[in-house]
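Let's take a walk through this model, starting with a helix and ending at a strand residue. Have the viewer open as you read.

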Amino acid sequence: MKFFVDTADIGDIRELNTLGLLDGVTTNPSLILKSGRDILEVTKEICAEVDGPVSAEVAATDYDAMMKEAAVLAKIADNICIKLPLTLDGLRACKALTSDGHKTNVTLCFSANQALLAAKAGATYISPFIGRLDDTAINGMELIGEIRTIYDNYGFQTEILAASIRTVNHVKEAAMIGADVATVPPATLKALVKHPLTDKGLEAFLADWEKTGQSIT
Ligand code: E4P
């Protein structure tokens, strides 16, 4: 499973990249707002930092305007992935951009039929939003399973990018169901390493090591 980080905070991205854990980055207009940065400037910095795809989202809602914005975003770097909303215009833009050789991420997916449409439009990634479905008392993880089944039934190459991840269990369950990628907030990504028995075990080993009086040199 690939790990993308869901943020436009260049500091967090640099830290996680140092750990060797990053396969890509996703941003959206809300994350750009939170970063307080200019979209073109910060996206350029992110693209230079990571080798993998960096999703940058169009803000337009009609096809022609989306295509114009996509052209601007695509010029930022070779690893840009154009993020488009799951609307008829977004799907049309997805088809056109994919045919032109661009990577695309169709976002705001809340149903298996929407994911089917995105695959037919040739999307590189489909982003089903787990947490936002959970918020409405619908099990977001079931959607990941439905999409996995449909894509496998027909051999669609579109990758399932589990999004709107809120917990470490979301990551585990998405991996078990077979999502290709999880885009995870920085804090949740770092929390994956945590286990109290690891901390306790390390503490005991260090205490015993101290008693040996040895050093590894
Ligand atoms: C990723 O591409 C999405 O924009 C993001 O995961 C949305 O997460 P949220 O529902 O926590 O805003």
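This is a predicted model: local features need pLDDT of at least 70, side-chain atom pairs count only at pLDDT 80 or more; totals for chains, interfaces and linings use all residues.

Numbering runs from 1 along each chain as its sequence is written, and side-chain values use heavy atoms, with hydrogens and water left out.

Start with helix α8, residues 140–154. Helices here are DSSP runs of H or I with at least four residues, strands are E runs of at least two, and both are numbered from the N terminus. At 1.5 Å a residue, the 15 residues of α8 should span 21 Å, and the end C-alpha atoms sit 22 Å apart, which agrees; the expected span is 1.5 Å times one less than the number of residues.

Which residues of α8 are buried? They are Gly-140, Met-141, Leu-143, Ile-144, Ile-147, Arg-148 and Tyr-151, where buried means under 20% relative accessible area, exposed over 50% and partly exposed in between (1.4 Å probe, protein chains only). Down the axis of α8 they fall within an arc of 150°, so they line one face; the arc is taken from the directions from the helix axis to the C-beta atoms. On the other side, Glu-142 and Asn-153 are exposed.

Now hop to Thr-183 in strand β8 (residues 181–184). Thr-183 is buried, at a relative accessible area of 2%. Its side chain makes a 2.5 Å polar contact with that of Thr-26.

Methods
A polar contact is a pair of N or O atoms within 3.5 Å; within protein, one must be able to donate a hydrogen and the other to accept it, and residues adjacent in sequence count only if both atoms are side-chain atoms.
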